[in-house]
Each structure stands twice: as C-alpha cells, then as structure tokens.
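Have the sequence and the 3D view open as you read.

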Amino acid sequence: MTEVNLGELSSAVVPYVSAAVAAYGGAVIQRVTDQAVDGGADVTVGCGRRLLARLVTSRRGLQVSEAVRELADDPADEASLALVRAQVLKAVTADPELASDLRGMVAQAQPAGDRYSVTVSSSSGFQIGSHNIQATTM
C-alpha cells in the first residue's frame, strides 16, 4: 500500500471515528472497548465504534486514544480532527495488518447502491436518490 492510499484510508476512517465521538462524548474510549454492542447506534456510529476499537488495540493505541479524547472535548475543532487523522495515518503506516483491517471495515460500511452519475439539461426539475416522488405542473 502506498503513502497516498494510507492517507486516503486515514481520511476515510475519521468521519466514522468522529461520529462515534459525537455519539459517546468523553466516554468514547470506554464505550469502544466495552464488549457489548450498542444496539441503539446507527450504522455510522457502529462502524466508528468498531474502527476505534481496532485502533486503540494497535501499537499506536495510546496516541490514537489521546487524540480521540481531545476531539471528544470539542468535536467541531478542526485541529483535533486533524490530530486524529494524523494519528490514524501513523497507526496504519506502522502496521500493514491494521491498514488492511481498517480498509475492510470501511469498505463494509460503504452503502451499496444509491450512487448516481447524473447529467441534467433543459429540465424543469429533477431528483437524485431513491424512492422519490415528483409532480411537475406547468
């Protein structure tokens, strides 16, 4: 795996981690290391929980945990988000098995379908997505 791919992987992991931080707040590290699965968590938070659980057991688990705790103090702080991204990048760079595990987890979390490529011209209205209803009157 090249450095660019690791950077993309770490960037793909951060939104899930951030969702888990937003859901669990300061207790995020405790929540991700609990064995019980949080049945109330949505798919994104659940994936973030699993990603974090794997990250905190890696060789750089302590550094990742500290960065995540800092993000939990202020989930909107761009510097803290960048610190988490940097720690994830360092973790996957140091451990190819971790990188492979995280790549698989992110791939499973990506929704199948509902991906569109749309070109619209000379239209009075359009919709993108599934299960939409549109009534156009002129």
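## Ground rules

This is a predicted model, in which local features need pLDDT of at least 70, side-chain atom pairs count only at pLDDT 80 or more, and totals for chains, interfaces and linings use all residues. Numbering starts from 1 along each chain as its sequence is written, and side-chain values use heavy atoms, with hydrogens and water left out.

## The core

The largest nonpolar core has 30 residues. Such a core is a set of buried Ala, Val, Leu, Ile, Met, Phe, Trp, Tyr and Cys residues joined through side-chain atoms within 4.5 Å; buried means under 20% relative accessible area with a 1.4 Å probe, protein chains only. V13, V17, L55, V84 and L102 touch the most other members. Helices α1 (3-24), α3 (43-56), α4 (61-73), α5 and α6 each supply at least two residues of this core, and the largest share, ten residues, comes from α1. Helices here are DSSP runs (H or I, at least four residues), numbered from the N terminus.

Take V17: setting aside neighbours within four places in sequence, V17 is in contact (heavy atoms within 4.5 Å) with G48, L52, L55, V68 and V84.

## α4 against α5

Two packed helices are described by the angle between their axes and the distance between the axes. For α4 and α5, that's about 165° and 8 Å, with axes fitted to C-alpha atoms over the stretch in contact and angles run from 0 to 180 degrees between N-to-C directions. The pair is therefore roughly antiparallel, the label for angles over 145 degrees.

Q63, V64, A67, V68, E70 and L71 on the α4 side meet S80, L81, L83, V84, Q87 and A91 on the α5 side. By class, this contact has eight nonpolar, three polar and one charged residue. Nonpolar covers Ala, Val, Leu, Ile, Met, Phe, Trp, Tyr, Cys and Pro; charged covers Asp, Glu, Lys and Arg; the others, Gly among them, are polar.

## L81 up close

L81 lies in α5 and is buried, at 14% relative accessible area. L71 is ten residues away in sequence, but 6.3 Å away in space, C-alpha to C-alpha. Neighbours within four places aside, L81 is in contact with V14, S18 and L71.

## α5 against α6

The axes of α5 (residues 78-94) and α6 (residues 96-109) come within 5 Å and cross at roughly 120°. A91, V92 and A94 in α5 meet P96, L98, A99 and L102 in α6. This contact has seven nonpolar, no polar and no charged residues.

Notes:
Buried < 20%, exposed > 50% of the residue type's maximum accessible area, 1.4 Å probe, protein only. Parallel < 35°, antiparallel > 145°, perpendicular 65-115°, else oblique.
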